[in-house]
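Visitor: I would like to learn how to read the features of a model like this one. Could we begin with aromatic rings?

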Amino acid sequence: MAEPTPGARVSPLAHLAERMRAAAVTGARGVTLTELPFRTMVSLRADPAREAAARLAKTLGARLPDHCGHTTASGRHTLVWLGPDEWLVLSGTDGPALTAELREALGAGPGSVVDVSAHRTTLELSGPAARQVLEKGCPLDLHPRAFGPGRAVSTTVGPVGVLLWQVDDRPAYRLFPRSSFADHLGRWLIDAMGEFRAPEVP
C-alpha cells in the first residue's frame, strides 16, 4: 500500500482498503464491503412544533422524519430520525456550506446545527449475503418484513455501536460507526464475510 502524502487527509479505514477488496465474494452468496469516506453529516436539534423546524425542512427540501427508523430524502440529502427532536442529515454536498445554511434556517431559537462529518465514517455492505453477514452480530430483526429500504436505526454490529441504514433491496446497507471504532468494525465484517466464499451447506 502506498504511503499517504504528508498532510493529506486519510480516511479511518484507508489501511484496510485492500483487505476489503480482497474479501469481496461474488455469485449467489456475494457480498462486498467498501468505505465511503468523507461524507457530510450534520446533526440537527430543534423542537418539531416550532417554526424553526419547518424552516429547516424547507431548506433541505424534505420533511423531518417523525418516527423511529424513518428517513426522508430530497436530492443529495437523506434525513434520519435519531430522537423526537434530533435528526442526522447525510448529504453529498459541502459540509460547511450546508451547516451555514441550516444555522441560518434555525435562527436564534432553541436548537443546534453541528457538522459532525469527522465523527463517523461510512461503510457500505452490499450483495445477496449482506443481510446474513449482519445477522451474525446485529440484534435487530433484519428480515424484509421488519426492516427494509429507507429504514435507519441505532444498533450494534458485533461489538460496535452504529447507525444502520438499509439503502435498497439488493440489499445494500450503510453503517456509520464512530471513526475511532471503524477499524474494529471493518475487521469484524471482513471476518464475517469469509464464510460466504464456500458453497452453502444443504
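Guide: We can, bearing in mind that this is a predicted model. The count here comes to one aromatic pair.

Visitor: How is such a pair of aromatic rings described?

Guide: A pair of aromatic rings is described by the distance of the centres and the angle of the planes. Here the ring centres of Trp165 and Phe176 are 6.5 Å apart and the planes lie at 20°, so the pair is stacked, the cut-off for that being under 30 degrees.

Visitor: Which parts of the chain does the pair link?

Guide: Distant parts: Trp165 belongs to strand S9 and Phe176 to strand S10, eleven residues apart.

Visitor: Are Trp165 and Phe176 buried or exposed?

Guide: Trp165 has 10% relative accessibility and therefore counts as buried. Phe176 is buried as well, because its relative accessible area is 3%.

Visitor: Let us turn to the sheet. What is the order of its strands?

Guide: The sheet is open and has five strands in the order S1-S7-S10-S9-S8, with antiparallel pairing. Strand S1 (32–35) and S8 are the edge strands, each pairing on one side only. From one strand to the next, the twist averages 30°.

Visitor: How many bridges join S8 to S9?

Guide: Six bridges join these two antiparallel strands.

Visitor: Which strands does H5 lie across?

Guide: H5 lies across S1, S7, S8, S9 and S10, and runs at about 165° to S1.

Visitor: Next, the nonpolar residues. What is the general idea?

Guide: In soluble globular proteins, nonpolar side chains tend to be buried together. In this model, the largest nonpolar core has 30 residues, and those with the most contacts inside it are Leu125, Leu134, Leu164, Leu175 and Leu189. At least two residues of this core come from each of helix H1 (17–23), strand S7 (123–126), helix H4 (130–135), strand S8 (152–157), strand S9 (160–168), strand S10 (172–177) and H5. The largest share, six residues, is supplied by H5.

Visitor: Which residues does Leu134 touch?

Guide: Apart from residues up to four places away in sequence, Leu134 touches Leu125, Leu142, Val157, Leu164, Tyr173, Leu175 and Leu189. There is also a second, separate core of 19 residues, which includes Leu64, Trp87, Ala105 and Leu106.

Visitor: Now the polar side chains. Where is Arg174, and which side chain does a polar contact of 2.7 Å join to that of Arg174?

Guide: Arg174 is in strand S10. The polar contact, of 2.7 Å, joins its side chain to that of Glu124. Beyond its neighbours within four places in sequence, Arg174 is in contact with several residues, including Leu36, Arg39, Thr122, Glu124 and Trp165.

Visitor: Where is Asp183, and which residues is Asp183 in contact with, leaving aside its neighbours within four places in sequence?

Guide: Asp183 is in helix H5 (residues 182–193). With those neighbours left aside, Asp183 is in contact with Leu13, His15 and Leu16. A polar contact of 2.7 Å joins the side chains of Asp183 and His15. Asp183 and His15 are 168 residues apart along the chain, with their C-alpha atoms separated by 8.9 Å. Asp183 counts as partly exposed because its relative accessibility is 26%, a value between the cut-offs of 20% and 50%.

Visitor: Last, the backbone. What should I look for?

Guide: Most residues other than glycine have a negative phi, and most peptide bonds are trans. Phe38 is not a glycine, although it has a positive phi of about 60°. The peptide bond from Arg170 to Pro171 is cis, with omega near 5°.

Visitor: Where are Phe38 and Pro171 found?

Guide: Phe38 is in the loop between S1 and strand S2 (40–45), and Pro171 is in the loop between S9 and S10. Phe38 is partly exposed, because its relative accessible area is 39%.

Visitor: How far apart are Val10 and Phe38 in sequence and in space?

Guide: Val10 and Phe38 are 28 residues apart in sequence and, from C-alpha to C-alpha, 9.3 Å apart in space. Val10 lies in the segment before H1. With a relative accessible area of 47%, Val10 is partly exposed.

Note on methods: Residues numbered from 1 in each chain as written. Predicted model: local features only at pLDDT ≥ 70, side-chain atom pairs only at ≥ 80, totals over all residues. Heavy atoms only, no water. Helix = DSSP H or I, 4+ residues; strand = E, 2+ residues; numbered from the N terminus. Buried < 20%, exposed > 50% of the residue type's maximum accessible area, 1.4 Å probe, protein only. Contact = heavy atoms within 4.5 Å. Polar contact = N/O pair within 3.5 Å; in protein donor to acceptor, adjacent residues only side chain to side chain. Core = buried A, V, L, I, M, F, W, Y, C linked by side-chain atoms within 4.5 Å. Pairing = 2+ DSSP bridges. Axes fitted to C-alpha atoms, helices over the stretch in contact; angles between N-to-C directions. Phe/Tyr/Trp six-rings, centres within 6.5 Å; stacked < 30°, edge-to-face > 60°.
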